[in-house]
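My notes follow the model.

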Amino acid sequence: MKTIYLDNNATTRVADEVLETMLPYFTQLYGNPSSMHSFGGQVGQKIREAREQAAALIGAAPEEIVFTSCGTESDNAAIRSALQTRPDKKHIIISRVEHPAVRALCSHLSLQGYKVTELPVDRNGLVDLENLENQLTPDTAVVSLMWGNNETGVLFPVEAAARLAHEKGVLFHTDAVQAVGKIPINMANNPIDMLSLSGHKLHAPKGVGILFIRRGTKFSPYLIGGHQEHERRGGTENTAGIIGLGRACELAGRNLEKENTEVRRLRDKLERELLKKIPQSRVNGDIENRLPNTANISFEYVEGEAILLLMNELGICASSGSACTSGSLQPSHVLRAMGVPFTMAHGSIRFSLSVYNTEAEVDFVIEKMPGIIERLREMSPFWKQAGQSCNVQ
Amino acid sequence: MWDYTDKVKEHFLNPRNVGEIENPDGVAEVGSMACGDALKLTFKLDENKRITDARFKTFGCASAIASSSALTEMIKGLTVDEALTITNQDIAKYLGGLPDEKMHCSVLGKQALEKAVENYRGVLPAPEAGARIICECFGVTDKEIERAIRENNLATVEDVTNYTKAGGGCGNCHEAIAQILERVKAEPKTQAAPRLTNLQKIRLIEETIEREIRPSLRKDGGDLDIIDIIGNRVLVATRGACATCKAANITLKHFVEHRLKEMVSPDITVEEVSQ
């Protein structure tokens, strides 16, 4: 059975070009970049190249790029550093829809005496900047807001938010793990202090990420060890991973237009047709301010895990915000924060596309989804009642 | 991805007895959309007061659908008394086991069964006397938690969440659940039955069958005879309606054996022999 992979916000396939670039650095060019011999030194040269490629993708300077092990490490390093370098300030502002890498860290920090404010979002998943402004206090050390939401794809106005934070002298970090490579990002034109990105969301391998630290921003390292990354992140470099990520960043820059035309067109087609063919379904999240690859659709009166497993039988991969798939007993915190009703939240499916998806794949999903939803609705005790009440209206 | 058994997957992909019986003898709806799973169970009895048909409609995940499907298969052919002896553990066992985090799906099935039988008997489903809501997120009472702890021998707050959902939301009730766990653990265990001599045991088995089991079987036109008792093995032969009933084996396991385990010794097994 052919796999149709529409779960690219979870992880992506490694691009062939990326793998090819990486392979020599396992068995042939395996030197340590810190070594004095040229066998290691040549790897160091390749890492410099990767740093330039990554910097170019986001409009940064190479020295503003720190390689890490993943997005979670980048988020942790950024927020902890902000608190370490401003030891007199004890207040953090995030949003209610942040990734666990930020949210769980902050609830952990709240047990250590920090005050955490979680900004609410509206029904479209957007934050109110006026509210952010009101929450900033002289005690606020850092604001951390995600650029693109992993579940809904909703984009926060992080550049404007960073300006507001700066007016009050507060540091600003953004988790841009989902946004990098999908929308144009130019760090030269905004005041964001720190930005996290993850390799495996843009066709690089798992186990490598980046923390952008703006030149002049005080930084206190999270991993203390050797002098690697200009003493901002100790530990021998994941050479093959970093070199692969550099190549992936270069490819992402070239594919950016395709993401916003071809991928967007396929996403829009999938969304439009599913809403048309399946009654009582709706899109979660702001339609305008959204990543081009993500569609989060709720199918009322059915449960997400059951939908996913029936899709799985056809080789279609996606995600759900239902309780049974969230690892807890409640539906996704993102959908709850947006006030999505329970009847809808449990039956939410996230489709996330990449440049590797084809029209034929999207057509196949459009063909199969109505049958899957109908099959589960036939089994649902709420469906018939709901149908009847609709007829009455 | 959940580690579901093949049986769970099979019952999810090919659920048995989906639907609703018109004019059912017993009906129940448990769970809610807010909680993430809900089950509507209906059953019909035949002239011998056996469940001749059982149907379900379920909103929920794969294991909720599979548990409902299993439940309807398990209760067909049983009297309501026999059906009530099915525990949530039996439902999970029937499916080859459920992941710990999904045990609440089997509990949902058990609750639906009990409520449908109450409905059949015309008992008003009154809230348990003195029950207090412990988990606000999922509306779980102290009585429900205590019962799940006793019936499934639960040890931790996480266990309680897996079986009842209590504590699976905001987490504010974890302390209260821990206190209930301590209270139930401190209860004196039912006294281990004094060791019986063989003669006492045989007499007790005969008495139990005569007093507790036979009247119920005879109501349905059935009967059984004790052929032999070897250690803890009770060999019986079915008579009357039981001899020709294809659900007799379930009756023996779920009703006769269950009752003997309860009244005589947990080590008792019942086997059918043809004589």
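I started with an open sheet of 4 strands in chain A, ordered β9-β10-β13-β12, and found its pairing antiparallel. Two strands count as paired if DSSP finds at least two bridges between them; helices (H or I, at least four residues) and strands (E, at least two) are DSSP runs, numbered from the N terminus.

A note on the source: this is a predicted model, where local features need pLDDT of at least 70 and side-chain atom pairs count only at pLDDT 80 or more, while totals for chains, interfaces and linings use all residues. Residues are numbered from 1 along each chain as its sequence is written, and chains are lettered from A and ligands numbered from 1 in the order in which they are written.

Back to the sheet: its edges are β9 (281–283) and β12 (319–320) of chain A, each pairing on one side only. I then looked up β10 (294–299) and β13 (348–352) of chain A, which pair antiparallel over 5 bridges. There I saw A:Ala295 opposite A:Phe351 of β13(A). Helix α9 (239–277) of chain A packs on this sheet and touches β9, β10 and β13 of chain A. A contact here means C-beta atoms, placed from the backbone, within 7 Å. The direction of α9 makes about 10 degrees with that of β10(A); axes are lines fitted to C-alpha atoms, for helices over the stretch in contact, and angles run from 0 to 180 degrees between N-to-C directions.

Next entry: 7 strands of chain A form an open sheet, β2-β8-β7-β6-β5-β3-β4, with mixed pairing. I noted β2 (65–68) and β4 (115–119) of chain A as its edge strands.

Conventions
Two residues are in contact if their C-beta atoms, placed from the backbone, lie within 7 Å.
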